[in-house]
Structures are given as structure tokens and as C-alpha cells.
Amino acid sequence: MIETVKHLISSSGPSGFGSRSTADHVTANSDLGSLTAIITGATSGIGAETARVLAKRGARLVLPSRSIKTAEETKARILSEFPESEIIVMHLDLSSLASVRRFVADFESLQLPLNILINNAGKYAHKHAISEDGVEMTFATNYLGHFLLTKLLLKKMIETASLTGVQGRIVNVTSVIHSWFSGDMLHYLADISRSYRNYDATRAYALSKLANVLHTLELSRLLHKMDANVTANCVHPGIVRTRLTRDRDGFVSDLVFFLTSKLLKSVPQAAATTCYVATSPRLKNVCGKYFSDCNEARTSKSGSCNLKAQRLWTASELLISQASTPNVSQTF
């Protein structure tokens, strides 16, 4: 309730920013001219605005996308505004573990540094589907693909931070909806990866977003253990109407958004927290935290459970290590 009131009155927090701050505003004093950033889901909505603003501040961008054509169009829009930007478009389908591995191999062949990884891509699937790896599609796209992507790029990020002295930043874009999930995560995942009967689109999305939070928690513990000069944090961008809800357009969706319009953010406002956490000098050495409206916030009880985070990590390692299509129910 307190957070809702702060949002409605546009109250700024300790960072000096709040719910009405924009990505341009929070990065006004940032010079990213020497940095390289990978941003997933950067062809529309929050991701596209994040890419635009980081390019504006001088970062070299790598834009992975399932559609090269759409990514090239995003690149062209950014270059029309900032002609000096360096933008690399590459193919990546996060729902496919093989595609993630190919992307990382292709990226490594470029011999570029990597300072910032923003795991932004998100999918809300009204219809039940299974990935080519045998995993429910929402979980595969929103979480498991990002888990493998981060794992494979981590060595490059640690090396870059060591060589440059610039702390690396990993930002996982989650949602307050992570708090909506209750029950055993892995049992539900096994269930919906085996059959559509108990599939609920909102619960599946909440599961994937809770997984993003727990990934951040366990990753931060491991980074600390490794003494790596890289941080990992997660963000709730706020409620904003983007293409994420394209599978749920209709009267009910429109009515809900109308009734909650006072809580909705514009896309530039929704991208602010991601850009703040990815770039702010104030957040040096801040790791394993959850941010909302450009300020540290509290996760759900499940989102702060170290045991759940470790259990999810172990299960994720098993899923990505299987050479052939995994049987999720047997894995768990």
C-alpha cells in the first residue's frame, strides 16, 4: 500500500528518482562511451527504450533477436537519432538452448568486451506451448534461456571487468507479479511442461518472474564467492502496456488497463529502473537486490529464500546440461 501511494504521488526515494523518472533522466550524467552492452528483447517496448538511451549515452550495443529484420529496424531507428552509435544485430531465440549457445559462440568470435548484460526479454503466452527442449515456453523464454545466456557470458564479463577496472553489471528484468506465485515451483514446472491441463498463463508468467528473482539471488552469492568485479540485480519496471500483452488484447484487458491507468507508466518511465541499475555509479558493489521505481525494494517471501534459489539453480543446471531433449518431470 505504501509503495502504491508513493507511486501515485510520484514520490522520489533515496536515489533521488521515483516512479515518474525516465530513462533519459536517470542517465543524464552517464558516459558509457567505453562500454559494451547486450540487451535481450530490445526490439520493442521497454527493451527498445533501454537500447535507445544506452546508445544515446555512448554504449556499444549488441541486440539479439529472433527476427533479424525487426532488430535491423530497431538499429535504424536508433541510428537515425544517434548516427555515431555502434550497434550489432545478432540472431537469438531464447526459448532454444542451442540458439543461446550459438549466439554466445558468435559473440565471442567478435572478440569484444562485455560490461553490461540486460536480460530484458519477456513473454506472456496465453496459449500453452512447449519449447524444442521440452520446457514450458514461458519459463524457457523468460528464465531458462537467460540462465544459460548469463552462465556462458559470465567469464567474458569477469575478464572485461578485470582488464578495464570497470565493474560489470547484470540486470534481470522481473516483475512484481513474481509475488503472485505460490506452491512448489519445480513441481508446477514439471506439470505444465508435461501437459496443458493445469496450465494457467498468469501463474506460468509469475513462476518465470519468480525464477528471475531467485536467479539474481543465487548468482549474487556465487559472484561474491568468486570475488568477481561483477554485480547482479533485478528490477520491476512497473506496469506499462507494451507488446508483452499482445496475446491478451481484448475488452477485459483494455478495461483493466483503463481502471488502473493511474498506476501505468509510459515506456520511458518503465525503462528508467533498468537503466538506473545498469549504469548508476551509486550502485557500485550493490549486488543481489531488487529494485522498483529506481530504488531498492522488497521481494516476496519466496523471492528472498536462499534455499529456493539454490534448489532452482541446481535444477536449471540439470536442464541445460542434458544433451538431448530433457524430460522435465524426470529431472525434478
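**Close-up views of a predicted model**

The backbone nitrogen of glycine 288 sits 3.2 Å from a polar atom in the side chain of asparagine 233. This is a predicted model, in which local features need pLDDT of at least 70 and side-chain atom pairs count only at pLDDT 80 or more, while totals for chains, interfaces and linings use all residues. Residues are numbered from 1 along each chain as its sequence is written, and side-chain values use heavy atoms, with hydrogens and water left out.

**View A. Asparagine 233 and its contact with glycine 288.** Asparagine 233 belongs to strand 6. Helices (H or I, at least four residues) and strands (E, at least two) are DSSP runs, numbered from the N terminus. With 2% relative accessibility, asparagine 233 counts as buried; here buried means under 20% relative accessible area, exposed over 50%, and partly exposed in between (1.4 Å probe, protein chains only).

View B. Let's start at the N-terminal end, which glutamate 136 caps: one of its side-chain oxygens lies 2.9 Å from the backbone nitrogen of threonine 138. Helix 6 has 28 residues and spans 38 Å from first C-alpha to last, close to the 40 Å expected at 1.5 Å a residue; the expected span is 1.5 Å times one less than the number of residues. At leucine 153, helix 6 bends by about 40 degrees, the bend being the angle between axes fitted to the seven residues ending there and the seven starting there. Because 20 of its 28 residues are buried, helix 6 is largely enclosed by the rest of the structure. Glycine 165 follows helix 6, with a positive phi near 80 degrees.

View C. The volume of the largest cavity is about 40 Å³. On a 1 Å grid over the protein atoms alone, a cavity is a set of points where a 1.4 Å probe fits but cannot get out, and lining residues have an atom within 4 Å of a point. Grid points are joined across faces, edges and corners, and a volume is the space filled by probe spheres set on the points. Among the lining residues are Asn119, Tyr143, His146, Asn172, Lys209 and His215. Helix 6 (137-164), strand 5 (168-173) and helix 8 (201-226) each give two or more residues to this lining.

**View D. Two loop residues with positive phi.** Most residues other than glycine have a negative phi. Aspartate 227, in the loop between helix 8 and strand 6 (230-236), has a positive phi of about 55 degrees and is exposed, at 69% relative accessible area. Asparagine 285, in the loop between helix 11 and strand 7 (290-292), has a positive phi of about 70 degrees and is exposed too, at 55%.

**View E. Asparagine 229 beside alanine 161.** Asparagine 229 also has its place in the loop between helix 8 and strand 6, and counts as partly exposed at 29% relative accessibility. Its C-alpha is separated by 6.0 Å from that of alanine 161, although the two are 68 residues apart along the chain.

Note on methods
1 Å grid on protein atoms, 1.4 Å probe; cavity = no way out; pocket = protein on both sides within 12 Å on 5 of 7 lines; lining within 4 Å. Polar contact = N/O pair within 3.5 Å; in protein donor to acceptor, adjacent residues only side chain to side chain.
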